[in-house]
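Subject: Structure handover

Hello,

Here is the structure I promised to pass on. Please open it first, then read my notes on its pockets and cores.

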Amino acid sequence: MEERIIGQIRRINGPVVEVKGVSDATMMELVYLGEARLVGEVIKLAGNGAIVQVYEDTTGVRPDENVYGSGIPLSVELGPGLIGTIYDGIQRPLPQIAAISGAFIERGVRIPALDRTMKWHFVPSAREGDTVPAGAILGSVRETETVDHRVMVPPNLSGTLVSLVTEGDYRVEDTIAVIDTPKGREDLRMYHRWPIRIPRPTGRRLPFVTPLITGQRVIDTLFPVPKGGTVAIPGGFGTGKTMTQHAIAKWCDADIIVYIGCGERGNEMTDVLTEFPELVDPRTGRSLMERTLLIANTSNMPVSAREASIYTGATLAEYYRDQGYDVAIMADSTSRWAEALRELSGRMEEMPAEEGFPAYLPTRIAGFYERAGIMETLCGKEGSVSIIGAVSPPGGDFSEPVTQHTKRFVRCFWALDRQLANARHYPAISWLESYSEYLQEIAAWWEENTAGGWSSNRAQIMDLLQREVRLQQVVKLVGPDALPDSQRFIIEVCTLFKNAFLQQNSFDEVDRYSSAEKQLKLLEVILIYYRRGADAIRRGVTLVKLKRMKILQEIVRAKSTIGNDELAKLDRLAARLERSIDQLESIYA
């Protein structure tokens, strides 16, 4: 990149810097400020002036220092070496920076995002003379044991392949191909750059079909999300947003995980950095870091880098989607990203909207979640980006602007409940306030890939949970003895469902992850208890007798004692349950 002087600093207001004498600059251009060469981005042009958003601490920067333009927008490097790396919000590799500057990032540090010295074994798949459209795959590199990195033609180039290197070891900066384009010949390397604020192009958007299996029963069974879907997880402080996202990142069946710590506390990111390398992926048997990218933008880092971090994460996710992978983004939390927008907007003296947030907050939120979806890529493969964004409403107030606007643009809502969290019910996802609008799209998958009956069983248990809420209101007024056994039995069944199904133990080797088949069979056991029990009560069996059946304790413990590959034990448990109820009915016959 050839730098040029585009103006001089006029005024400094925290991370917002006014530049004077601007004659050659473009919107969203990447710039460097002062002798320290602080990274910034042009966000406003007016006359011969500009406003620059700076991604580093501006302490010590003086008026009249030069501002240098790069001629390109703020972009990320896309190529082999991304997996397992820890970046900040503008894709600076933190381990390499730590080796140079220690525990704190020095200002003006400029290190390439991808290692320029490491060699990768490239295996070509295209041939010289081929017509290569945008996004075509030229070859592959084994990035990790589980990720086959496909080296592609950048989305803004196409032409005829003039030359392609043979199989061998190359650095990311080495020229591996030359293509003849309408504008001339272009050298292609194993990496390319892409602006973070521009979504990468695709062929077409595809319908949702396959659910993202997370292993969390309350999510997969009651409020599922498909691959390519969007989810919001709102909840007050301490309700478990981060822990829920950690669990999904660990156990979901996405090929690649992009975890964005946007304004998170340092200790929470430390937990991710220490836990993920030690955890074993249940699908591959290898470390979870072999399919994970981390963007660590903690709360003590510059607020403007927090604003850019979610776009950086979305671009990295789209890059692997274009290779044909299913990618899941964990954005924790979008509220702190919105707070960064509010601070920057205030420093720019823009007219505030509700609660001080800028008027364009809904547009920014919509633009972020719109980058999710399941797509047919330019190379003809299918890939998806699922976005799971945490929202931290102050005081747990879901009526605040960020939660309300997010709710408009997502189709799945996992509301965390303070009372459940205080009662140590994990995950603390409320079955009353949460919802999923993807049920019809993914119902066919459940019917085809499990024993069937998911839709009807889910509808029945949700109806029971709703009826239980109304019955609990009566119990609070007049006590449980005022209800007949048939209605008290509904309360008992829902209590069993909460303890035996909804509540999970993330520290238990068996219970922390439940396969789709195990979830469905466990739900079926509980519903057998309800159906047969309700019929038994009509035949004269008392509620007390039903509650005292010893097999109920086995049902509660089944989530921890029966593994995902021991489904026959659940069938036998259901058969024993039916025999126990038959014995009770025979006594009262």
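**Pockets and cores**

The largest pocket holds about 750 Å³ of space. Keep in mind that this is a predicted model. Lining that pocket are 34 residues, and Phe 104, Ile 105, Thr 298, Asn 300 and Met 301 are the closest to its centre. Four elements each supply at least two lining residues: α1 (94–101), α4 (266–275), β21 (292–298) and α5 (303–322). By class, the lining has 18 nonpolar, nine polar and seven charged residues.

The second largest pocket has about 650 Å³ of space. Its lining has 31 residues, and nearest the centre lie Gly 238, Thr 239, Gly 240, Lys 241 and Met 243. Two or more lining residues come from each of α3 (241–251), α4, α6 (334–347) and α9 (418–422). Helix α3 gives the largest share, four residues. This lining divides into eight nonpolar, 14 polar and nine charged residues.

Now the cores. Which residues touch the most other members of the largest nonpolar core? They are Leu 222 and Trp 414, in a core of 82 residues. Helix α13 (residues 516–538) gives the most to this core, with 11 residues.

Take a look at Trp 414. Leaving aside neighbours within four places in sequence, Trp 414 is in contact with Ile 219, Phe 223, Val 225, Val 231, Ala 232, Ile 233, Pro 234, Ile 248, Ile 388, Ile 429 and Ser 434. There is also a second, separate core of 76 residues, which includes Val 141, Trp 194, Ala 232 and Tyr 319.

Best wishes

How values were computed:
Residues numbered from 1 in each chain as written. Predicted model: local features only at pLDDT ≥ 70, side-chain atom pairs only at ≥ 80, totals over all residues. Heavy atoms only, no water. Core = buried A, V, L, I, M, F, W, Y, C linked by side-chain atoms within 4.5 Å. Buried < 20%, exposed > 50% of the residue type's maximum accessible area, 1.4 Å probe, protein only. Contact = heavy atoms within 4.5 Å. 1 Å grid on protein atoms, 1.4 Å probe; cavity = no way out; pocket = protein on both sides within 12 Å on 5 of 7 lines; lining within 4 Å. Points joined across faces, edges and corners; volume = space filled by probe spheres on them. Nonpolar A, V, L, I, M, F, W, Y, C, P; charged D, E, K, R; others polar.
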